[in-house]
Amino acid sequence: MFTSCSGSLSDSQVYNQSITKVVEIRTTNNNVDYSYASGCFVDKNRIVTNKHVVYNSTTSQNWLHVEYRKYNETNYTEANIEKVYSNVDLATLSVTVENSYFKINKESNVADYCYSIGNPNNLGLSFNSGIISAFSNITVDGFTNKMIQTNIPLNHGNSGGALINNKGQLIGITTLRLKDINADLLQGLSYSIPVSIFRLN
């Protein structure tokens, strides 16, 4: 377990405080073939995830059905796509059932401890930890944004998940890993969109 700093929580406290605020997401057009990802509650009726989770780049349209479920639920609940951002890989979903949600902290620094919760390979929500390695300008789909680089492993399904500080506050949305010149995924280089980019209203 990481050494506690003033005002920080233990690993288990961060997990217990955060797990109820992260969801598994699945999308489909035909209720047969599904894709899976993650999302975070940032308001009692609003989930933030990645644009590429809810937007089908093959058809250039949003998925017809977007559903979510919490860590202790078996069945999925329908969510509505509220907003798809044009210049950053983010989207928001609206839901009818109220939920606890993350407090947001827009300040983070290199070497800060951090945690992630997401749904890797649709295995269910899992908890991981690491440090902030750098802040890097990353270009995705022609748009360049400053992103948080961490050493936390990310896999398919982690997209849209929570990057959390040691006070249990949301600092970013886990988004991508980079590939080398041979198209192999780089290890130990994971990127999250910082919450300072959010425009929730």
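Phe127 is partly exposed because its relative accessibility is 27%, where partly exposed covers the range between buried (under 20% relative accessible area) and exposed (over 50%), for a 1.4 Å probe and protein chains only. The model is predicted, so local features need pLDDT of at least 70 and side-chain atom pairs count only at pLDDT 80 or more, while totals for chains, interfaces and linings use all residues. Residues are numbered from 1 along each chain as its sequence is written, and side-chain values use heavy atoms, with hydrogens and water left out.

Rings of Phe, Tyr and Trp (its six-membered ring) are taken as a pair if their centres lie within 6.5 Å; planes under 30 degrees apart count as stacked, over 60 as edge-to-face and the rest as tilted. Four aromatic pairs are found by this rule. For Tyr15 and Phe127 the ring centres are 5.4 Å apart and the planes stand at 70 degrees, so this pair is edge-to-face. Tyr15 belongs to helix H1 (residues 11-18) and Phe127 to strand E10 (residues 126-140), so the pair ties together parts that are 112 residues apart in sequence. Helices (H or I, at least four residues) and strands (E, at least two) are DSSP runs, numbered from the N terminus. Tyr15, at 28% relative accessibility, also counts as partly exposed. Ring pairs join Tyr15, Tyr115 and Phe127 into a cluster.

An edge-to-face pair is also formed by Phe41 and Tyr68, with 6.2 Å from centre to centre and 80 degrees between the planes. Phe41 is located in strand E2 (residues 35-43) and Tyr68 in strand E6 (residues 65-69), so parts 27 residues apart in sequence are tied together by the pair. Phe41 is buried at 1% relative accessibility, and Tyr68 is buried with a relative accessible area of 4%.

Strands E2 and E6 both occur in a closed barrel of six strands, which runs E1-E2-E3-E8-E7-E6 with antiparallel pairing. Two strands are paired if DSSP finds at least two bridges between them. E6 is joined by three bridges to strand E7 (residues 77-84), and the two run antiparallel. Val66 has Ala79 in E7 as its bridge partner.

Charged side chains were also examined against the rings. A charge sits over a ring if NZ of Lys or CZ of Arg is within 6 Å of the ring centre and within 35 degrees of the ring normal. Lys21 lies over the face of Phe102 at 5.6 Å from the ring centre. The charged end of Lys51 is placed over the ring of Tyr55, 5.4 Å from its centre.
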